[in-house]
Amino acid sequence: MRTLKDLDPRGKRVLVRVDFNVPIQDGKVQDETRIQESLPTLRYLLEGGASLVLLSHLGRPKGHDPKYSLAPVGEALGRHLPGVRFVPHSPGSEEAQKAVRDLSPGEVALLENVRFEPGEEKNDPELSARYARLGEAFVLDAFGSAHRAHASVVGVARLLPAYAGFLMEREVRALTRLLQDPERPYAVVLGGAKVSDKIGVIESLLPRIDRLLVGGAMAFTFLKALGGEVGRSLVEEDRLDLARDLLGRAEALGVRVYLPEDVVAAERIEPGVDTRVYPARAIPVPYMGLDIGPKTQELFREALRGVRTAFWNGPMGVFEVPPFDQGTLAVGRALAGLEGAFTVVGGGDSVSAVNRLGLKDRFGHVSTGGGASLEFLEKGTLPGLEVLK
Ligand code: ADP
Ligand code: MG
């Protein structure tokens with residue numbers, strides 16, 4: 001993978017694909033994490049004497065839609081970097097070309113949302129060629145988009161000398177440690193909504209790990225596959241065979257699987273609703289399991305004892321709605337407290353849970369890429385990485 005160390009930025013206009021897909025409300029950026037994550041790369045290039053043209057997507061607009069403008073991001077970025085100018089034109093347009101033509105070293109132009117371009121997600125070669133005229137070198141630092149074969153990620157990278165930014169490098173290094181020679185014992189904690197979303201990751205990691213802890217809604221498909229009564233908990237009925245198969249494979253590989261013993265259940269998902277604790281395999285209708293219970297918290301803490309490598313994806317319950325955040329908090333704390341272990345969190349909701357619980361700094365790595373980190377763990381590479389080789 002070519003990195004920034006292979007690029008002499010002096011006097012160059014460098015096109016940088018960043019991930020500024022941040023939450024925006026009333027024209028204000030609500031969480032600047034992704035902007036801050038990009039700063040090391042941007043500062044390095046500016047200090048090296050480059051001018052910068054920035055590309056990013058924001059949300060999922062269908063064509064040009066002012067609701068998805070990057071203008072608020074331009075404002076937020078301007079507070080961190082001097083010399084930032086927001087260019088209110090689609091990045092494939094003539095106007096965008098003109099606006100970047102006379103950038104001086106130290107100046108930064110943030111162009112409008114790449115998804116305003118109809119060819120972006122189709123990886124249109126003609127659009128990629130227009131992007132390529134915006135700069136003399138291309139830096140990919142949008143790890144969270146690196147699993148997308150889109151024009152601003154993959155298409156343009158084939159047309160310019162292309163390099164990985166620092167964020168990209170850091171992500172790849174950390175996630176590679178989960179795949180290559182991980183220190184053992186190695187535990188994976190999975191939760192969240194569906195087994196079907198995570199099959200690829202489970203299959204990739206199962207042969208590498210010692211312990212698999214399963215919580216969240218996903219656990220009920222496993223519990224039901226084992227003959228449990230799970231009330232009205234979320235179950236993927238069409239994945240019961242898959243769940244049995246995965247358990248069989250885990251056993252054959254000598255992976256110890258930990259499933260919930262008890263759950264916190266309610267009739268509705270509502271803040272402060274009446275809750276009851278039930279055995280995980282005997283939940284009566286109309287109750288549904290919405291978090292792991294106290295015994296399971298203890299079981300999971302025990303299961304994590306002595307672990308040297310851990311990957312966590314998927315909350316243990318409906319963490320967005322208290323009191324169903326307690327299991328996620330307990331597991332987050334257990335992972336955060338592991339001495340001398342390499343701990344990684346990945347996944348959109350898992351990372352927002354970790355941030356909300358204030359545990360971010362206590363993990364070895366918090367991946368900024370939701371889908372991208374899972375796809376990397378599944379395949380060991382991403383479309384956006386292949387073009388940097
Ligand atoms: P990630 O984005 O980290 O990969 P997922 O998207 O797979 O995680 O899962 C997160 C969602 O799973 C959250 O919205 C959470 O409310 C939901 N969830 C977790 N446990 C349960 C449960 N027991 N019942 C229903 N939903 C759950
Ligand atoms: Mg999610």
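Rings of Phe, Tyr and Trp (its six-membered ring) pair if their centres lie within 6.5 Å. The views below come from a predicted model.

View 1. A search of the whole structure finds 3 aromatic pairs. One of them is formed by Tyr-44 and Phe-166.

**View 2. The protein chain is assigned two domains, domain 1 and domain 2.** Domain 1 covers 4-170, and domain 2 covers 181-379. Their C-alpha centres lie 35 Å apart. Domain 1 gives 7 residues to the contact, and domain 2 gives 9.

**View 3. Domain 1 and domain 2 bury about 730 Å² between them.** Carbon and sulfur atoms give 60% of that area. Across this interface, 1 residue pair is in polar contact. On the side of domain 1 that touches domain 2, helix 1 (33-47) and helix 6 (166-177) each give two or more residues. By class, that side of domain 1 has 2 nonpolar, 2 polar and 3 charged residues.

**View 4. A salt bridge forms between Lys-360 and Glu-37.** The closest N and O atoms are 3.9 Å apart. This pair qualifies because the cut-off for a salt bridge is within 4 Å. How many salt bridges are counted between domain 1 and domain 2? The count is 1.

Definitions and conventions:
Residues are numbered from 1 along each chain as its sequence is written. Chains are lettered from A and ligands numbered from 1 in the order in which they are written. This is a predicted model: local features need pLDDT of at least 70, side-chain atom pairs count only at pLDDT 80 or more; totals for chains, interfaces and linings use all residues. Side-chain values use heavy atoms; hydrogens and water are left out. Domain bounds come from an automatic or database domain assignment. Contact means heavy atoms within 4.5 Å. Buried area is the accessible area (1.4 Å probe) that two parts lose on being put together, summed over both. A salt bridge is a side-chain nitrogen of Lys or Arg within 4 Å of a carboxyl oxygen of Asp or Glu. A polar contact is a pair of N or O atoms within 3.5 Å; within protein, one must be able to donate a hydrogen and the other to accept it, and residues adjacent in sequence count only if both atoms are side-chain atoms. Helices (H or I, at least four residues) and strands (E, at least two) are DSSP runs, numbered from the N terminus. Ala, Val, Leu, Ile, Met, Phe, Trp, Tyr, Cys and Pro count as nonpolar, Asp, Glu, Lys and Arg as charged, and the others, Gly among them, as polar. Rings of Phe, Tyr and Trp (its six-membered ring) pair if their centres lie within 6.5 Å; planes under 30 degrees apart count as stacked, over 60 as edge-to-face and the rest as tilted.
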